[in-house]
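Please work through the following exercises with the sequence and the structure in view. Each task is followed by a solution in steps.

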Amino acid sequence: MAGPNGALGATFKIVRILQTISLIAIIGMAAYFISQMVSNNNAPSDVLVGTLSVTCIAVLYCAITYILYLDNGLPYLITTGMDGALLIALIVVAVVVGKPLSYLNCKVIGSSSVSQSTYQLGLELKKSLSQEGSKVPYSNWIGANKVTCYEMKAIWGLSIALCILFAFSAICSVCLWRRSTAVAPKSVEG
C-alpha cells in the first residue's frame, strides 16, 4: 500500500495531492476575481495577478514532480530546494494577501454599524470604476461585499495551508534523499 518508499513516500504523494487541490482552488478564485475586474473595465489588482502567477507555476511544478516521483526519476535534493523556493513565494503571497484581510471582519460588511465606512468605500469604488482602465486598490476591493471578503479569506487560508504543506514536502524530500543515498551496511561475515 505504501509503495517502494514506504510511509515516507506515501506521505509525499498525499502532500503533493493536497497541494495541487489547494492550488487549483486558489487559481479558480483568483481568476474569477480578475475576470470580474476586467469585465468592469478595470485593471486587475497586482496582488491577485501575483497570486495567480505563483500558484500556476506551483501547480505545474507539483504535477511534474508527482509524475517524476511515480517513475522513480525525482531528484530529491533539487526538489527540496524547489519546495523551499515555493515556500518562500507562498509566504510572500500569504503576507501580501492577508495584510489588509487580517483587519477586516466580513460579518459586519453591509451592517448599519459600518454604514459610514461602507459609504466611503462605495464612493471610492464608484470613482475608480468610472474611469476605464483604472485600478481598484486591493484593500478597497476586498471590502466591497461579504462574498468577496470571505473568498479572499479562503485564498489567504489556503495560502497559509500551502506554506505548511510545502515545508512538509521539503522535509519529506530531504528524508527520501537521505534514504536513497544511504549505503547498505557491509556484512561482517567472511
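A disulfide is a pair of cysteine sulfur atoms within 2.5 Å. This is a predicted model, in which local features need pLDDT of at least 70, side-chain atom pairs count only at pLDDT 80 or more, and totals for chains, interfaces and linings use all residues. Residues are numbered from 1 along each chain as its sequence is written, and side-chain values use heavy atoms, with hydrogens and water left out.

**Exercise 1. Identify the disulfide and describe its surroundings.**

Step 1. The structure holds 1 disulfide. Cysteine 106 and cysteine 149 form it, with their sulfur atoms 1.8 Å apart.

Step 2. The angle about the S-S bond is -70 degrees, and the link of cysteine 106 and cysteine 149 is left-handed.

Step 3. The pair links distant parts of the chain, 43 residues apart: cysteine 106 lies in the loop between helix H3 (76-101) and helix H4 (115-130), and cysteine 149 lies in helix H6. Helices here are DSSP runs (H or I, at least four residues), numbered from the N terminus; strands are runs of E, at least two residues.

Step 4. Buried means under 20% relative accessible area, exposed over 50%, and partly exposed in between (1.4 Å probe, protein chains only). Cysteine 106, at 2%, is therefore buried, and so is cysteine 149, at 0%. Cysteine 62 is buried too, at 1%, whereas cysteine 56, at 31%, is partly exposed.

**Exercise 2. Which residues touch the most other members of the largest nonpolar core?**

Step 1. A nonpolar core is a set of buried Ala, Val, Leu, Ile, Met, Phe, Trp, Tyr and Cys residues joined through side-chain atoms within 4.5 Å.

Step 2. Among the 31 residues of the largest core, these are Leu48, Val97, Trp141, Met152 and Phe166.

Step 3. The largest share of this core, 9 residues, comes from H1.
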